[in-house]
Amino acid sequence: MRLRTLTLAAASGAALLAAGVLPANASGTARPATAQEGSVSAAALLAKVTSCSQISNGKYKTDDETSATVPVCGKNGAVFWKADMDIDCDGQRTSKCSESTDPWYQDDTAFHQSDGKPLRADSLPYVVVPSSSSIWNYSSAGIKGGGVVAVIYNNKVEYAVVGDTGPTKIIGEASYATANALGIDPDPETGGADSGVTYILFKNSQVSPIESHSAAVTLGDKLAKQFLANN
């Protein structure tokens, strides 16, 4: 996890916890936005999360400057929220993710690869969950590091893993690679999406090894089908 300042103007002031990581390939170039992952459409998944049965004790902010408006919602086999996307670029130091590209860069993530190294933000799609607090305890809800997440934006589905923990009062953050795959500007300083991102986290799931995106897609597609059938 990382300590991240809340605004550029307050870069030396208040801090957030987040997560992050490194480059998409050997050349350091970002991978292009991909087509739909898996066989379940964004529309089919979104149709199941039109209403919210709130399971969090309160609501989250999307940024420090905003009011708390985002609840964590429960469904059969999953939890979800609808928020923005801030870009996480912590973890392994690369040409895309380092002190030179990210004013809030930290060299670690809450969850690690199978070899013990931090995750790689600009090659591994992953999502940041709020650290456990009186608002919501992710682990008590069946969410764990390496769990599968369907991230939906602009009619695209990207499967990611739970890769880090973030601030206790702020929600809506994912790795450089997640944003890039969804066609969102992945720049950790100026990129992201202000709204319109849906995160569906499948309970009691775990990708092994956590760094295998193909394994996340395979498991995610299976769990997405189950989600449609059970809701």
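Where does S205 lie, and what surrounds this residue?

Mentor: This is a predicted model, in which local features need pLDDT of at least 70 and side-chain atom pairs count only at pLDDT 80 or more, while totals for chains, interfaces and linings use all residues. Residues are numbered from 1 along each chain as its sequence is written, and side-chain values use heavy atoms, with hydrogens and water left out.

S205 lies in the loop between β9 (193-202) and α3 (213-230); helices (H or I, at least four residues) and strands (E, at least two) are DSSP runs, numbered from the N terminus. S205 counts as buried because its relative accessibility is 5%; buried means under 20% relative accessible area, exposed over 50% and partly exposed in between, with a 1.4 Å probe and protein chains only. A polar atom of the S205 side chain lies 2.8 Å from the backbone oxygen of F202. Setting aside neighbours within four places in sequence, S205 is in contact (heavy atoms within 4.5 Å) with K144, G146, G147, V148, L219 and L223.

F202 also belongs to the largest nonpolar core, which has 59 residues. Such a core is a set of buried Ala, Val, Leu, Ile, Met, Phe, Trp, Tyr and Cys residues joined through side-chain atoms within 4.5 Å. F202 is among the residues that touch the most other members, together with W81, M85, W136, Y199 and I200. Both β9 and α3 are among the elements that give two or more residues to this core, and β4 gives the most, with seven residues.

Definitions and conventions. A polar contact is a pair of N or O atoms within 3.5 Å; within protein, one must be able to donate a hydrogen and the other to accept it, and residues adjacent in sequence count only if both atoms are side-chain atoms.
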